[in-house]
Every structure is written in C-alpha cells, then in structure tokens.
Amino acid sequence: EYWSLEQAKLGRAKPKAMQGRVVYISGAAGGIGAATAAVFASAGASLYLTDRDEGALSAIAGRIGARHEVVDVTDEERVRASIAHCVEVFGGLDGVVSNAGTAPQGDITRVSSEELKRSFEINFFSHQYLASAAVEVFRAQAMGGFLCFNASKAAFNPGQGLGPYAVPKAAVVALMK
C-alpha cells in the first residue's frame, strides 16, 4: 500500500531525453545557436559550445552551465583540435549541431570572388570540417552519433540579393544528403 509513496521518495522520475549525451554546437553565441543550446541544455545534454564572439559565448555558456571555446570554424585544424578537446573534456561525443554562419548579401553577378569565397568558408566548408571531424570520432567510438546542420530556406528559395548566402547554403543541403 505504500509502494507508490516509496517510489516517489526514491525519485523514480524518467531521465531527460538527452541526459548523458555530449553535444557540440558551433555558432552558439548567436540567436539561433544560443536558442539551440538552451533547448539541448533543458533536455539534459552536456554541451560544448563554440563561437568566435568570446563575450557572447561566455555569457550563454554561463547561463546554461556549458563548456565553451572560442573557435574560428573556417580554420580546419582549429575545428579538429576543438572536437578533440571536447572529447578529452567529456570522454566522447554524441552529436554535433553545425550552426555557424553569416548572411552576406549582394547581386550574385556583381559580388567579388573574395566575398563569395568568404561566404563558402563559413557557410559551407566550416560545416564540412566539423562533420568530418565528428564522424571520425563517431566511427572510433562505434556507437553512432548525429549531425544537425543549420541550412536555410534560402537554399531552396533565395530572396533577391541573397545569392552569396544561398549558394553555399545549397551546398550544405547537398552535404547533408
């Protein structure tokens, strides 16, 4: 007759959905990245947040109790080192949310090659670098993992003047596939 009370006392609550999972989030200091980090934190994940904005990154990490590191995701070696550091800190990796990005605008027929290359560096290559490094860890762990990319509707239906942004985002969609 006291079983339900005894179970309540012992804390028979279900664990949170992401409890015990390690999630790496790039671009975590911006609006979408910070919101994503907050959702994963509320689901119980252990988070490793990265961004290039040290002040904003420290603020969001402090609010949700996450580990963090300033990383320029356009530098492949820094991305690989950051993933390795995350694994060292937590003992493994379960998922990646590749969110870093920027939205350059301009007429695609007039945008400079340098500007388009910069857009590809952050809006495509950074995602590929992170996915490649994470998949190496997933394979070594032999436990699977997940990759989540922040693409954009612009990849499918770019607005006027969004070519420099939409083209690399379309490449991210292809990378996901």
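## Surface and overall build

Accessible areas here come from the Shrake-Rupley method with a 1.4 Å probe, and for residues only the protein chains shown count as cover. On that basis the chain exposes about 9,800 Å², with carbon and sulfur atoms supplying 54% of it. Keep in mind that this is a predicted model: local features need pLDDT of at least 70, side-chain atom pairs count only at pLDDT 80 or more, and totals for chains, interfaces and linings use all residues. Numbering starts from 1 along each chain as its sequence is written, and side-chain values use heavy atoms, with hydrogens and water left out.

You'll find six helices and five strands in the chain, where helices (H or I, at least four residues) and strands (E, at least two) are DSSP runs numbered from the N terminus. From the N terminus on, they run α-β-α-β-α-β-α-β-α-β-α. The C-alpha atoms fill a box of roughly 75 × 35 × 30 Å along the principal axes.

In soluble globular proteins, nonpolar side chains tend to be buried together. A nonpolar core here is a set of buried Ala, Val, Leu, Ile, Met, Phe, Trp, Tyr and Cys residues joined through side-chain atoms within 4.5 Å.

The largest one has 18 residues, and Y24, I83 and L93 have the most contacts inside it. Strand 1 (22-25), helix 4 (76-90) and helix 5 (113-141) each supply at least two of its residues, and helix 5 gives the most, with seven. Leaving out residues up to four places away in sequence, I83 touches Y24, L93, L130, A133 and V137; a contact means heavy atoms within 4.5 Å. There's also a second, separate core of 17 residues, including A28, A34, L47 and A66.

## Aromatic rings

The structure holds five aromatic pairs. Rings of Phe, Tyr and Trp (its six-membered ring) pair if their centres lie within 6.5 Å; planes under 30 degrees apart count as stacked, over 60 as edge-to-face and the rest as tilted. The rings of F120 and F124 have centres 6.4 Å apart and planes at 70°, so this pair is edge-to-face.

F120 and F124 sit four residues apart in helix 5, so about one helical turn separates them. F120 is partly exposed because its relative accessibility is 22%, while F124, at 15%, counts as buried. Together with F125 and Y129, F120 and F124 form one aromatic cluster.

How values were computed:
Buried < 20%, exposed > 50% of the residue type's maximum accessible area, 1.4 Å probe, protein only.
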